[in-house]
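Here is a short briefing on one structure. Look over the sequence and the fold, then read the points below.

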Amino acid sequence: MRTGIIILARANFGRWPDKILYEILGKSIFEWTLRKCMCMKVDEVIVSTTDRGEDDIIIQIAMRYGAKISLGDPYDRVARHVKAIKDYDLDIWLPVTPAIPLFDADASQELIDIAVENPGYHSYTLGLFTTHSFVPAPYSRFAAIDAFEAKDYDPEMMAGVEEEAGFVLERGDGLTKLRNKYLFNANIAYKIEADAQRRLCESYGHFPKNYTEVVEALMEYEP
Amino acid sequence: MRVGAIILARANFGRWPDKVLYEIGGKPMIEWVIMKALTVGYDEVIVSTTNHSEDEPIVKVAEKHGVPVSYGPADDRHLRNRIAAEDYNLDYIACPAPCMPFLDVWLSTVTLKYCREHSGYEAYFAGPHSDAGYPAHLRSTELLYRLSSDHHAEQIMRHSGDIEKMCVVFHYLDPEIINRYLINVNIAYPLQGVIANIVCDHLGHFPKNWDEVIKAYMEVRA
């Protein structure tokens with residue numbers, strides 16, 4: 001059972017070029033995210049990017065931290081996921097966005113361990129009402145490859161998919177305590193969020209070591 | 001089939017007292033949530049709170065918009081959901097949080113429409129990972145009963161088999177949908193309240209729809 005983390009990362013892409021190179025406390029948000037991933041117990045940490053010149057900086061950072069590289073289609077993220085899964089022969093894979101420096105790595109690790117101990121499901125998630133933005137959650141190899149090869153993927157179509165093969169881990173009172181822990185969106189999509197997380201970390205005095213410290217920083221922060 | 005939105009709201013509760021009364025764009029954030037929920041097309045929109053005196057301002061906001069109020073125990077949100085669902089004879093419930101003033105009405109409407117046209121599932125989710133940007137899931141009242149009866153154990157591991165029929169409206173890994181909902185609309189901490197007000201100040205008004213929320217996020221820095 002091979003496990004891996006796949007970080008799809010591109011520079012100069014989308015609504016905010018060079019977003020993932022935005023710095024918080026001296027490191028880019030991509031580096032903070034990658035450092036957390038490199039500390040997790042998985043077989044591979046893979047940065048998936050392209051062979052375009054603007055993505056050289058991504059490859060350099062990935063190599064500096066000892067991550068593996070997978071190169072693929074600049075415009076098809078599902079295809080890049082599938083290529084990385086095949087390149088490194090992963091059975092369980094965790095998609096992590098490169099702009100999620102405050103994500104809860106401990107919870108994601110727990111989900112990966114659960115996935116390894118309980119194979120056969122397509123997807124694993126911490127709770128039905130928690131979100132991917134706080135706790136990246138693993139998929140099986142086939143969840144991605146089947147969807148990709150089915151070629152029936154239409155963003156405009158309301159597919160009405162029955163999620164019959166999901167595995168949900170609820171801790172404690174799953175509908176309240178767990179959800180309340182993850183009320184802060186760790187994903188940085190826009191500048192306003194990056195600025196907010198930078199100010200939060202600066203106010204806290206150091207980059208939060210874990211999600212408990214993230215919550216502590218949020219509780220202490222005074223605008 | 002009767003579908004209702006139950007807004008569980010308490011004042012002076014938790015990490016940020018009076019959070020739901022914090023003003024965004026000139027109104028308490030719960031008021032925006034009530035106003036939006038009323039446009040989705042639910043059969044009922046209900047505010048669930050307590051009869052404690054500190055919750056009276058919440059009741060007043062609900063009454064201002066003609067929304068019924070359901071009362072229940074202060075420290076058991078599951079039971080408050082059940083009481084409201086029973087009182088108003090609901091088959092499915094949505095639970096928009098009272099601190100999500102920017103929530104996207106469109107996706108809640110899509111999920112509700114899907115539920116009405118494809119009955120028989122125990123839960124409806126907009127996507128497999130129910131992100132905070134789109135709090136559009138619906139649960140059957142039966143599921144609510146079953147889960148709340150055994151959800152107080154210290155640690156529970158649960159297979160999806162417990163939810164016998166679960167429907168996900170949008171396929172997983174859909175980049176267009178995921179990208180549309182990258183913003184967390186939930187306001188849990190003052191830092192997020194400040195951001196919401198920056199968005200309103202930047203636009204010059206409370207965002208009329210989700211496209212305006214995104215527009216402001218694209219343009220503004222904190």
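In strand 8 of chain A, A:S140 stands opposite A:I92. This is a predicted model: local features need pLDDT of at least 70, side-chain atom pairs count only at pLDDT 80 or more, and totals for chains, interfaces and linings use all residues. Residues are numbered from 1 along each chain as its sequence is written, while chains are lettered from A and ligands numbered from 1 in the order in which they are written.

**Strand 6 of chain A and its partners**
- Strand 1 (residues 3-8) pairs with strand 6 in the parallel sense, over 5 bridges.
- Strands pair here if DSSP finds at least two bridges between them.
- A:P95 in strand 6 is the bridge partner of A:I6.
- Strand 6 (residues 92-96) is largely enclosed by the rest of the structure, because 4 of its 5 residues are buried.
- Buried means that 20 or more other C-beta atoms, placed from the backbone, lie within 10 Å of the residue's own.

**Chain A overall**
- Chain A has 8 helices and 10 strands.
- Helices (H or I, at least four residues) and strands (E, at least two) are DSSP runs, numbered from the N terminus.
- Of its 223 residues, 52% are buried.
- Of the chain A contacts between residues at least 6 apart in sequence, 70% join residues at least 24 apart.
- A contact means C-beta atoms, placed from the backbone, within 7 Å.

**Chain B overall**
- Chain B has 8 helices and 10 strands.
- Buried residues make up 53% of its 222.
- Among chain B contacts with a separation of 6 or more, 69% involve residues 24 or more positions apart.

Notes:
Buried ≥ 20, exposed ≤ 12 C-beta atoms within 10 Å, placed from the backbone. Contact = placed C-beta atoms within 7 Å.
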